[in-house]
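I opened the model to look up a few helices and a sheet. My entries follow.

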Amino acid sequence: MVDEARLQDELGPSPRVFLVEYTNKTQTYSENIFQVDVQNLEEIRNVLKAARTLGLRVRAVGGGYNPIALCPDRGQIQLRLHDLKRFDGPRLELHEGFDKFGFRTMTVASGVSQEDMMDFFLNHKLYLPGTSKQSSLQAMDLITTPQHASFPGHKCASAYASQIRFVDSGGRLRVISDENPDAMSFMRCNLGLSGLIYDITFRLRPLIHVEVNDAFDDVESVLLDTNALKSTLAEGMATEIYWFPYNSCHFGKDWEPEDDKLTPEVLVGATRRGAMMTSRMLDCRGETTQKVTDAIYSWPEKHPFPSHSFGFSFPLDEDLDIVKDVIKMLCTQLKRFNKQNKYPINLMIQVQFSGGCESFLGPVTGNGGKALHVYLLSILGTEGWDEFTGALAADWMHVTSARPCWDTEWSTVPNMRTFLLKNMKKELTKFKTARKELEIDRHNLFMNNSIQQLLYAES
């Protein structure tokens, strides 16, 4: 058993190692691990050398709401890169001129927060599609799991990455670009198996202002009426829908999920929608005009509670029948649990629409490359959560090309391993092959038990 003193002896005076109780931000996972903050490439190599010598594993997946499957195992190393400095440029660097496709490009160190990135964008009148204004997320989180805003015409943020530099298990600084599409398809949703991300180069877009329209409508007229939904999606460049279940409950009346109010928020350039109680949480103010970086909303940052999360993505068909089918399944399960006096969703349900992310594991897209995402969120320990999400997942797993939202607690869903190995066999094979061919992890440093059991263990 390696202790803190033994690891520090192997590292020498720098960097410092601390034995801490690591807890992810949603507080669904807690273990004792070694925590090491690194500031430069030499310190990264030092940690990797010590890990190889002592038989330890290393995880570095940013500062986001890491689900259990991405967390370091007990007694292993969590590498924190929030102070990492690039040896050949500033932490945020806007390159001169335009690339071969006519875009401005930016290289960002892996540990830079998205909040700092947003400030950088505003200063230069640029933005990165698919990003959200979350202070805790770091640049590397954009390619660990697909991060997206609710813009059907915009892909996931990782799709705009043109070059990625990473450190492999042997300590070599490597570079891949979109000239190697298979390697980039692996990297753009890598689940922390990509080595240690050093920096990422993104193609940016000119900053725009959008009109934000908030409205209140019921589930039936927004999500189950495909013609009305088509009109809503056509109103602007983005539509984001919030649903706080049970807001239409009245004494002496059976609750019907379809009667609940939603808040669709439309950005013209984009729309937003949610329940009547959203005014405190989402600042619903009717029509406003905002910079697009301020209009983008992301659900985990808006609540203070330790929480459960669950979500699936689906290819969006042209007629939007998939939306109706998926929401009907959700309503059916909500009604079934309501009759048992169980209320498993007590924070929110969020419905988003986005483009794809050009990765092996990212959301499969239809209708010109568009995807539907449905997220559920409840306070940690909510009665009936596991039973409800297990039942709903069993329904959604039968939808063609469905796949989990990788930034939620997908690893705890019943039968998830069977579902992945059966329904995503082709994609997982490509993912594993690309990783093997890149020779990222010849020393098996970057694996963890969850990923090993769910994606790599023999059937």
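**Helix α10 and its end**

I started just after α10, where N341 has a positive phi of about 60 degrees. Helices (H or I, at least four residues) and strands (E, at least two) are DSSP runs, numbered from the N terminus. The model is predicted: local features need pLDDT of at least 70, side-chain atom pairs count only at pLDDT 80 or more, and totals for chains, interfaces and linings use all residues. Residues are numbered from 1 along each chain as its sequence is written, and side-chain values use heavy atoms, with hydrogens and water left out.

I checked the length of α10, residues 321-339.

Which residues of α10 are buried? I found I322, V323, V326, I327, L330, C331, Q333, L334, F337 and N338; buried means under 20% relative accessible area (1.4 Å probe, protein chains only). Down the axis of α10 these buried residues fall within an arc of 165 degrees, so they line one face of the helix. The arc is taken from the directions from the helix axis to the C-beta atoms.

**The sheet**

I then read the strand order of an open, four-stranded sheet with mixed pairing: β1-β2-β4-β3. The edge strands, β1 (17-23) and β3 (58-59), each pair on one side only; two strands pair if DSSP finds at least two bridges between them. β2 (residues 30-37) and β4 (residues 77-80) run parallel and are joined by four bridges. I noted R80 in β4 as the bridge partner of D37.

Technical notes
Expected span 1.5 Å × (residues − 1). Buried < 20%, exposed > 50% of the residue type's maximum accessible area, 1.4 Å probe, protein only.
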